[in-house]
Amino acid sequence: MTVSPPPGYDGPSLADLAADVSTDSDETLSVSAPFTGETVGNVPACTPADVRGAAERARETQQSWSDRPVGERAATIERFASLVEDSRGDLLDLIQIESGKARLDAHEEVLDVVATTSYYADRAAEYLTPERKAGVVPLLTSVHKHRDPYGVVGFITPWNYPLTLAVSDALPALLAGNAVLVKPAEETPHTALFVARLLREAGVPEDCFRVLPGEGKRLGEPLVESVDAVSFTGSTAVGREVAAQAGRELVPATLELGGNGPIVVREDAPLGRTVTGAVRGGFASAGQLCIATERIYVHESRYDVFCDRLVERVRNLDLGANFEYSTDVGSLISETQLSKVQSHVDEAVEAGATLLTGGRHRPDVGPLAYEPTVLTDVPDDTAVACEETFGPVVTVTPVEDDEDALARANDDPYGLHGSVWTGDPATGKSVARELDCGTVCVNDAYISMWASTGAPMGGRNDSGIGRRHGDEGFQKYTETQSVAVQRGHPIAPPAGVPNRVVAATLSAYLRLTRAVGLR
Ligand code: NAD
């Protein structure tokens with residue numbers, strides 16, 4: 001099978017994309033295709049000096065980008081969305097070449113970018129319109145809140161959603177008037193470079209969206225030092241390092257980190273739909289999804305039938321390493337991921353877990369293909385139970401009632417996303433409110449939440465700090481400036497009036513405004 005690129009690919013060659021990287025370094029990153037393991041490209045690896053240089057150029061260009069009327073920036077970003085739609089087939093090929101995911105999973109990324117663009121392009125002008133606030137002395141104090149871009153925002157992104165995570169969070173930053181520098185994952189730089197091309201073609205100045213491929217541990221520090229705000233998406237361990245550095249530099253940081261997604265299957269859950277959702281939640285992008293389902297808690301009265309039906313569906317999933325829509329589950333990204341998934345499953349089985357289906361590496365399908373796997377009787381202290389596996393593996397555990405399910409689901413350091421399955425949506429919503437996660441779906445795995453762009457998403461606890469989507473997803477790329485204009489005498493002791501009188505007058509004024517509801 002050929003992976004580089006498949007027949008019908010009409011986009012830029014991978015070598016051509018690599019040539020867009022601006023560096024004098026002769027070091028390279030070798031990029032391989034998970035479907036075959038073959039090397040598909042060598043991308044120049046940026047140096048810390050490249051990062052600092054790119055930040056300087058971004059800073060010089062950012063002002064003219066931010067001076068453009070917001071409507072003009074929105075029109076540019078809308079053009080980008082149209083180019084993404086026009087290039088959909090090529091983007092899907094590229095995402096699949098670099099990440100090894102199934103085509104339907106890659107398709108979700110394209111949909112996400114287009115939907116996010118429209119959402120923020122439609123609202124950018126409103127977000128940036130100065131807001132009038134109540135002044136301390138009615139009629140005499142007029143106050144407005146303004147929003148300014150930070151300047152240059154740095155993004156450090158993972159490999160699992162190479163299109164979405166390289167650009168969807170950056171779109172509101174650009175719309176707010178910032179310049180953006182992206183350090184993509186080592187495994188997937190070409191997709192980010194293709195995005196940069198499309199943004200340029202749409203009219204975003206080259207230095208306002210730069211992709212800086214290279215090693216995270218080498219480029220992370222110079223990036224955080226050079227920018228005015230940071231958005232990190234990746235593992236909790238690296239997120240802590242980025243947060244510490246952002247703390248030293250006093251730059252705001254958003255951290256979108258790992259998860260160990262729980263789902264609660266109530267006694268009244270409609271099993272057909274619940275199993276469909278559990279399969280999507282557990283095996284989309286071969287489980288390499290931060291908001292994936294990893295732990296399933298099922299009411300004990302439905303446990304046996306749920307397991308039977310889940311296993312039947314999982315056994316019928318088409319595991320593949322190809323560009324066809326017929327494949328349900330694609331490859332893992334790397335040997336590192338494969339050995340992590342394999343060790344989590346093997347350790348659980350050795351500790352007494354029951355393997356209901358899967359549990360095997362499938363080199364006959366692809367070098368990094370791993371069977372969709374269902375485990376039960378999993379001891380609580382095994383890695384698969386208490387850590388993020390980030391692979392096509394779910395565990396199923398019987399529970400006595402909602403309380404038991406919630407106690408188990410919340411007994412976890414993460415808090416990213418979960419779901420509740422029930423025939424009674426109102427109770428489902430109450431149970432959802434008790435799950436200690438930043439987002440929860442009732443009767444859906446994750447898409448109804450992710451694709452509802454108006455609602456903020458992000459993690460609690462070890463899953464991160466900050467939110468994407470919704471108003472928060474735009475506002476975090478701006479800092480406010482409030483301006484108060486006072487008419488008449490300034491609020492200061494008038495000449496010749498004793499301070500005691502001034503203090504008494506101010507207290508009386510505060511009492512009056514509280515009494516008439518002006519505070
Ligand atoms: P990772 O943390 O290893 O790498 C993420 C990025 O950080 C990469 O670009 C990497 O080069 C860079 N990096 C590595 N070391 C660094 C350092 N010392 N300083 C600065 N940057 C550094 O994560 P990964 O393996 O690429 O991605 C998988 C993880 O990402 C999973 O834990 C997953 O849950 C998480 N994730 C979270 C979300 C979310 O929205 N919460 C979304 C996708 C993935």
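**A tour of the ligand site**

Select E186 and the ligand: an N or O atom in the side chain of E186 is 2.7 Å from an oxygen atom of the ligand, a polar contact being a pair of N or O atoms within 3.5 Å. The model is predicted, with pLDDT of at least 70 needed for local features and 80 or more for side-chain atom pairs, while totals for chains, interfaces and linings use all residues. Residues are numbered from 1 along each chain as its sequence is written, and side-chain values use heavy atoms, without hydrogens and water.

Next, select T157, where a backbone N or O atom lies 2.7 Å from an oxygen atom of the ligand. At G216, a polar backbone atom is 3.4 Å from a ligand oxygen atom. On its own the ligand has 850 Å² of accessible area, of which the protein covers 88% (Shrake-Rupley method, 1.4 Å probe).

Now display the shell of 28 residues around the ligand, among which T157, E186, S235, L257 and E388 come nearest (a residue is near if one of its heavy atoms lies within 4 Å). This shell divides into 13 nonpolar, 8 polar and 7 charged residues, with Gly counted as polar.

Finally, colour by domain. Domain 1 (14-257 + 471-478) and domain 2 (261-458) both contribute residues to the shell around the ligand, so the ligand lies between them; the bounds come from an automatic or database domain assignment.

Definitions and conventions:
Polar contact = N/O pair within 3.5 Å; in protein donor to acceptor, adjacent residues only side chain to side chain.
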